[in-house]
Protein chains: 4
Amino acid sequence: MKACFMSKRSAEVVFACAVFSLVFAGQGVCKPRVRDEVKIPDVGGYLTLACDFHMHTIFSDGRVWPEIRAEEAWREGLDAFAITEHIEYQRHEKDVRTNHNRSYEIAKGSAESLRLVIIKGAEITREMPPGHFNAIFLKDANALDVEEWRDAIKEAVEQKAFVWWNHPGWRGQQPDGKSIWYEEHTELYKKGWMDGIEIVNDDEYYPLAHKWALEKKLTMIGGSDVHTPTGLNYDFHTGEHRSMTLVLSKEKSEGAIKDALLNRRTVVYWRKNLIGEEKYLRPIFDGSIEILNPEVTIKGKGSAYVQILNKSEVDFELESAGEVEEISAPGSVTLYGEKVNLLRIRGKKEDVSGEKEMRLAYKVKNLWVGPEEGLRAELVIKVNLVPAKKK
Amino acid sequence: MKACFMSKRSAEVVFACAVFSLVFAGQGVCKPRVRDEVKIPDVGGYLTLACDFHMHTIFSDGRVWPEIRAEEAWREGLDAFAITEHIEYQRHEKDVRTNHNRSYEIAKGSAESLRLVIIKGAEITREMPPGHFNAIFLKDANALDVEEWRDAIKEAVEQKAFVWWNHPGWRGQQPDGKSIWYEEHTELYKKGWMDGIEIVNDDEYYPLAHKWALEKKLTMIGGSDVHTPTGLNYDFHTGEHRSMTLVLSKEKSEGAIKDALLNRRTVVYWRKNLIGEEKYLRPIFDGSIEILNPEVTIKGKGSAYVQILNKSEVDFELESAGEVEEISAPGSVTLYGEKVNLLRIRGKKEDVSGEKEMRLAYKVKNLWVGPEEGLRAELVIKVNLVPAKKK
Amino acid sequence: MKACFMSKRSAEVVFACAVFSLVFAGQGVCKPRVRDEVKIPDVGGYLTLACDFHMHTIFSDGRVWPEIRAEEAWREGLDAFAITEHIEYQRHEKDVRTNHNRSYEIAKGSAESLRLVIIKGAEITREMPPGHFNAIFLKDANALDVEEWRDAIKEAVEQKAFVWWNHPGWRGQQPDGKSIWYEEHTELYKKGWMDGIEIVNDDEYYPLAHKWALEKKLTMIGGSDVHTPTGLNYDFHTGEHRSMTLVLSKEKSEGAIKDALLNRRTVVYWRKNLIGEEKYLRPIFDGSIEILNPEVTIKGKGSAYVQILNKSEVDFELESAGEVEEISAPGSVTLYGEKVNLLRIRGKKEDVSGEKEMRLAYKVKNLWVGPEEGLRAELVIKVNLVPAKKK
Amino acid sequence: MKACFMSKRSAEVVFACAVFSLVFAGQGVCKPRVRDEVKIPDVGGYLTLACDFHMHTIFSDGRVWPEIRAEEAWREGLDAFAITEHIEYQRHEKDVRTNHNRSYEIAKGSAESLRLVIIKGAEITREMPPGHFNAIFLKDANALDVEEWRDAIKEAVEQKAFVWWNHPGWRGQQPDGKSIWYEEHTELYKKGWMDGIEIVNDDEYYPLAHKWALEKKLTMIGGSDVHTPTGLNYDFHTGEHRSMTLVLSKEKSEGAIKDALLNRRTVVYWRKNLIGEEKYLRPIFDGSIEILNPEVTIKGKGSAYVQILNKSEVDFELESAGEVEEISAPGSVTLYGEKVNLLRIRGKKEDVSGEKEMRLAYKVKNLWVGPEEGLRAELVIKVNLVPAKKK
């Protein structure tokens, strides 16, 4: 790309692979500017929106210009995002003028031209306790730049922000890496000033925070907290994705997302895991799976293949959670995402007959309904048992 | 990554995949922070240094913080780089204070901690003619911020910079996409103020500029001119690389690189092509290729495989440039990079015998000694011809 | 895998990644046995079945056991396949007993357990003219093993086979690589003994055969003609696929496939190209493409992005086939498969207003309705033109 | 590929991507036929040869023609291989004539044209005890086809074969998956009829066999035991490789390999692990690693990066095995194969000075000198400690 000297008016992100003389066409490939959707099914009448509400740019201690956050979000299949600059810490203040609203203002044009929902946010960045808190749906982030942390959070609440506690087990503030709930958190929680909690931040998962979220009915949040270009942190071509929050939303709009967050309709997508309430994980699993041949015939102790399409991008790791009387099924099986998978079942006796619906019980080890607790799920197959031929 | 609130003193780029509880170890992978060397052999007593002397950050119209340029350069196997901000154009001046030396100052720590040579540069950004010029090995880029373009270049020259004409065929300044050499360029050239010329900029190659470089003995330069994170522009996992200049340098130091540039010891690496003088491309080809079985036996009209290891990362595309009397060889063959390749040769007659050295003549279509003109090369094999058995 | 010494009764293909002690679980990955669907939409009430009716095993001159053909077909997303051994040539006859029906018999169990349609076939392998002919839907391939080629084809026809001419431009029989239509072909054609013709075989495309197919109403066939394991011939992980015939079939059954073939409802899938009649290619294109924001607003000479999801696996390469008065659109654009793509359109005047449906005309260069002739297609967008603000 | 009707005399494997008309050149890519070397350094004056001495073809219960085994071996970087058909079990005997030497005879031409060492072998396939035994360097495999297992092994020994016990913990013969050493094994061992033992077979590792190998001085063997095309079992593009034996051999010849096997100069390469005696694993590690900047300077509690090139293809997983007084180093670090890796070390005190050689002690978790016991290794760095500046 050349300097945009002649085209100063263009405010949006431009990624142009310049058209070049035909002689050289086909010589190489400029990386296409394409979007990979996050493939997790919609559930229960809600859209499953891929969102990341925690990231930084050069306006605090990040290392990219805000428009890049929009471009990355679009390519990675996000539907909505918030940039959350540290209010109290500008790493680059010698060179960059302080204005906590600028990231939002700058990224807004790029985001909207790409049809992304961008939400104004900020990170109230204090020592533990209470630690760092994100606030989104802000009107003016600069108003949070006050002396006392209680005043900062209060200001966010008065702006009707959605507020959550960030990385409660981060070693930078919890030296032994264990989340600790302080009195200050009780204070915030009781005041209704803490709507949610990060159970995932970047590459960290906090089992205690997960437990608290379930007990205290806090919205579960997962964020990338990315500071560099996302491509320096994730190997997208191997299927890696940033840590994110899936928001079950009535529509793709700021208002609907806020409604969903306030009503705790979220699932956290961390590495190969989906983490959330059973009432959301179950329909995600069921909506992802399609048994292509739900009726099979088995002769005696013979076998049959059940073909299972997993329409989602998540590889579901199943582990048996109970036996069926008449047939044996694998003790563990992975249903790879966007693939048709084989489940081989076998008859146990030579001399049986009859058609029967069988419910194969599994734990889905990487869909977590509680800390490291897999979702129970069933694969339902109609099996026609036929006696083996006499030899 | 968390905010670096507690560790303000750290000035270097930190990409940390935080250590997390063992329970979750192995659950996913944080992209490793590793370097892929550019695999092109050293030649003729020189080191082949991978260099990019043309890139931007938020201090002109780029969209990353300068440290990112060091990190990207290291990962992509560069040995040296220069950030060349536009002197005359700061896209982000509303938010970022103007200082043309800052990119260098900020990136210096990261670059040096990673053992990269960083060179101070700037882009004198004027309308055509004369267009844009890069100057590197500057002492003070701010001194180039003057009214007249001649004065700007003069200042660079007085600072003993190496100066070259950028993207001479860029459509932004050459509406029909054809490079035009103006009187102003003659003026600069005659004064000795133009040391080199970009024959490659980002995804563009300029055949006319290539011709001029050869005729006028200008150093051939190829630069990425990257404005965004490089990962948004290149698919590294498919083997793509940024456009760059290979500098044949006595050592890995700023001084040695300057000496190499002034003495035109460069090869431009663009897409799948290496572009340079024959005297450099030939040893690169010869140094890349190893014939693993240089002696083969062929019975009559039978065949034999010659195994050719290509130690470089470049896929050499060979096309026959002449026939050999006794044997036939493929009309075209690609010697894939970092692979052992097969060349199948066949006898032409049943009834011959004798051992003979054969020189298979090829054009290497993607090693350009002139505009789109492939290097002539030979594969030398000793063939032992044996008469076919009578049946 | 261990020898199946103890389990001789198992006749089906078993690809087992043995369960091993938990200590070592996760240490490595056994390639999952999964299926990648061929992602081309169904059209016009027909299923788009992925089929390969041309392949070999050790029973003629191939190098795999027949069950492998079923396993490969399943993994690669095929719905139906035929093994077509050479009747006249058994490369391995010293070791393998001759029986032209055995491939089918052996592969049948594997195919059916994987829910693939397997069709009995054979290749009548004669010198040119008339060259090689495939016949599928055979009852007894051994009956084709007769002296005269006319008798062999006659036998196939009497068995109600579907018969086609293979690789009409193969250099092994057409020394200059050009397809020649001999009198013998006219004879077969007039008798109704030639139902189709290969316009694609392995990596070859025959433009003349393509022309004949259209003129003479022959069913267009594309086959892999694979002899080795397919994985030695194709790089599946880069998106490569075997050459195949897409059959537009009322259902997934042998009978329905035969009906489709006899009625010329086929599209050939070769490399990045789909080749077929316009009446089938158009709905494939239209069914693949979804314009996510079919209504956009443009201010003056500003721009807007149209986001286009390509649900198919084919990258559609579009080239402009006409201009629109009010806006400019890219002269060429690739709509990558399984991605959301961006089409940037721009206003041509500052001072216009009004809402208008615009039909952007393109040639889809890799959907061939005739020899190398791209399908004409339109992208229909409603554009709301708004005057640019006065400054 | 077309039928090889006209070229019956060609006995070697031919993988031809036919040359096609220039019009369509570049349209797609036929998978190149290339070899990826196994990148493990030579050690101690020996060549490190990549070998697989356990595989099957259609002549027992495999599913490929023998030539495929040569082609796969070449592409996957093997130097030598043996096909080891079951003597007692021909799954395909209805179609394939019995001859235990045929695999070798058929594959020999392909192997030699590709410069691979092929060794004649067979698998004596008996019930447990003693289970299955491989014998290689046979003269006539058919002579092993005798009633009594002792006679079969005796015959192999008399042919001067190298004999080993296969998959001692295979569940097909060891129902609880645990290797059991029977009296019969003691008998064979005492007679000198058991030279080695598989500690790895396909995806299984047998810790008990590993222990026995060390105690009883049996040669450690790892084999793929592959029955299908290898590409159906391994995802080569993700870096997977077949299970194999690395033979430390004086030269690439059958004789030298036999000498190495008899003298237990082997290392087993299984998944991401190398398994062998410390005297071989240590030089492999040391020969793979190059510290690019073995001298670093640290200011006070500051840090420095040590850049470590891992020339091998194995990712070495290091875990700290001891602390150094003056500096802290990562508790765990992976040195990725064929990459430059960063090791960040930090000073512990602000006020120190002096230059010192430091030996960072690590366990290499995936180089096993005993069952799951990592090799101890040191990274030696010269650190120049400089007091931090007073602020």
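In the predicted model, the side chains of Lys339(A) and Asp36(C) are joined by a salt bridge with an N to O distance of 2.5 Å, the term denoting a side-chain nitrogen of Lys or Arg within 4 Å of a carboxyl oxygen of Asp or Glu. By this rule, 2 salt bridges are found across the interface of chain A and chain C. The same interface holds 10 residue pairs in polar contact, with both residues at pLDDT 80 or more; a polar contact is a pair of N or O atoms within 3.5 Å, of which, within protein, one must be able to donate a hydrogen and the other to accept it, while residues adjacent in sequence count only if both atoms are side-chain atoms.

On the side of chain A that touches chain C, two or more residues each come from β1 (34–35), β15 (303–310) and β19 (339–347) of chain A, strands being DSSP runs (E, at least two residues) numbered from the N terminus. The largest share, 5 residues, is given by β19(A). Sorted by class, this side comprises 11 nonpolar, 5 polar and 11 charged residues, where Ala, Val, Leu, Ile, Met, Phe, Trp, Tyr, Cys and Pro count as nonpolar, Asp, Glu, Lys and Arg as charged, and the others, Gly among them, as polar.

Contact, defined by heavy atoms within 4.5 Å, involves 27 residues from chain A and 27 residues from chain C. The area buried between these two chains, that is, the accessible area (1.4 Å probe) lost on putting them together, summed over both, is about 2600 Å², with 46% given by carbon and sulfur atoms. Of the area that chain A buries against chain C, 20% is supplied by Arg115(A), Tyr305(A) and Val340(A), more than by any other three residues. By contrast, chain A and chain D do not touch, their nearest C-alpha atoms being 9 Å apart, and no contact joins chain B and chain C, for which the closest C-alpha atoms also lie 9 Å apart.

Within chain C, Arg126(C) lies in the loop between β4 (117–125) and β5 (132–136). Arg126(C) counts as buried because its relative accessibility is 12%, the limit being under 20% relative accessible area (1.4 Å probe, protein chains only). Its side chain makes a polar contact of 2.8 Å with that of Glu88(C); beyond four places in sequence, the residues touched by Arg126(C) also include His132(C), Trp149(C) and Gln173(C).

Residues are numbered from 1 along each chain as its sequence is written, and chains are lettered from A in the order in which they are written. Local features need pLDDT of at least 70, side-chain atom pairs count only at pLDDT 80 or more, and totals for chains, interfaces and linings use all residues, while side-chain values use heavy atoms, with hydrogens and water left out.

Notes
Helices (H or I, at least four residues) and strands (E, at least two) are DSSP runs, numbered from the N terminus. Buried means under 20% relative accessible area, exposed over 50%, partly exposed in between (1.4 Å probe, protein chains only).
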